[in-house]
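Hi everyone, thanks for making time for this. I'd like to walk you through a structure that may be new to you, so let's bring it up on the screen.

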Amino acid sequence: MTSTAVRPYTRRISPIERGYLNAAATGTPQLIQMVIEGEGTLEADTLRKAARAATLASPGLAVRRSGAFWRATGTVPEVVELPAGTGLDDPFFHRDLSVVTGPVCEVGLIRGERPQLIVRASHIVTDGRGLRQWIADLFRALRGEDVAGCPDTVDDGHFRAAAGDVPPSPAATRLTGLPTIIGRGPAGTRPLWLRRKVPAGPSGVTARAAAALSRHLATDTGRLIVPVDLRRHDPAVRSTANLTSQMVLDLRRDDSWKRVHSTLVRALLTKAEVAVLDRDFLRDNPFANNLSEARELDGSRFPCTAIISDHGEVDPGTYSTPDFRLTSFSTLPMLVPYAEMFLSACRVGDSTELTLSCRDRPGARETADSLLTDVAEALRS
């Protein structure tokens, strides 16, 4: 009997992923970090076996860069055991992951009365939806269930075709001088993270948060980036790749959340996140056209005020086992060279988990805390 060789997982580096490679070249780590907290127990050895099963089914989380391609190397995400009480200042949360040497994903386990699982991955090779799919398989394996897997190797070009007719994207307007809102003076290299659990789960989280943020604008206008998952144009695709495009929206001082929400809905209906894929990013984008321009952003001004990413509803059952029950799911947003802040939201039951990331500089913690308080109040009301 002749056996058929299985081709190793390989896919071309997409234009979206090249944008993140360029951002990483400025020295800013491009990382997704998801934090799962719960009640019960999680064992490191069992997690290692589950991570292997999940990665065999989703080899996109075991790749290294090879020229113009990602190639799976079989490197399973390592499980790192951390002592109880490990905080966000620990080096584990701040070290970069290399897409050249690998691994591009790792798992941290913090033991204690309320154990935490921290899944870290390079945003160059994956996005929020992709990483959540891998984590869901991790927990399927922990429960002894069959994993679903994400074997597809398509890139953003597939979704450009799947979206059909798309109105052209308007020319990008460069805003280079938006003054900072959060703190003044020299900034550290590590992100400052502030977290808030809000006892509310309203609709329109992105718009409500943006409107609250608009009260803090230093000028009459600001600029907002909203990440959009391209998978919505072909839900049958199962891939862990970075398939998130951007919608860029203008923000007005003292904006209403209903206006922002209607603008977002119109942009989604016209597939604005697909239209930007046709743009020549090296010559026509609203942030920086090359590494030199990106490095000129000295932290006193930004072309983008904020990125707001709503991860939507999180089903606790997806990330639980017979011995562990999820009680909290949040992310730790990365610093982005051209954006002053990054706000993420995850809804668990009747609560919304907010995390704000910004640069750690004089006055930043107090200002960011006030801003986050206003966002939380906007979600409650």
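Let's start at Ile307: if we set aside its neighbours within four places in sequence, Ile307 is in contact with Ile225, Pro227, Val336, Ala339, Met341, Phe342 and Leu343. Please keep in mind that this is a predicted model. You can find Ile307 in strand S13, residues 304–314. Is Ile307 buried or exposed? Ile307 is buried, because its relative accessible area is 4%, under the 20% cut-off. Ala24 sits 283 residues from Ile307 along the chain, and their C-alpha atoms are separated by 17 Å.

H3 is mostly covered, with 12 of its 15 residues buried. Among them are Leu131, Trp134, Ile135 and Phe139. From first C-alpha to last, H3 reaches 21 Å, close to the 21 Å expected. Just after H3, look for Gly144, which takes a positive phi of about 80 degrees.

Which residues of H2 are buried? They are Ala44, Leu47, Ala50, Ala51, Ala54, Thr55 and Ala57. These cover an arc of only 150 degrees around the axis, so they lie on the same side of H2. On the other side, Asp45, Lys49 and Leu56 are exposed.

Note on methods: Residues numbered from 1 in each chain as written. Predicted model: local features only at pLDDT ≥ 70, side-chain atom pairs only at ≥ 80, totals over all residues. Heavy atoms only, no water. Buried < 20%, exposed > 50% of the residue type's maximum accessible area, 1.4 Å probe, protein only. Helix = DSSP H or I, 4+ residues; strand = E, 2+ residues; numbered from the N terminus. Arc of directions from axis to C-beta. Contact = heavy atoms within 4.5 Å. Expected span 1.5 Å × (residues − 1).
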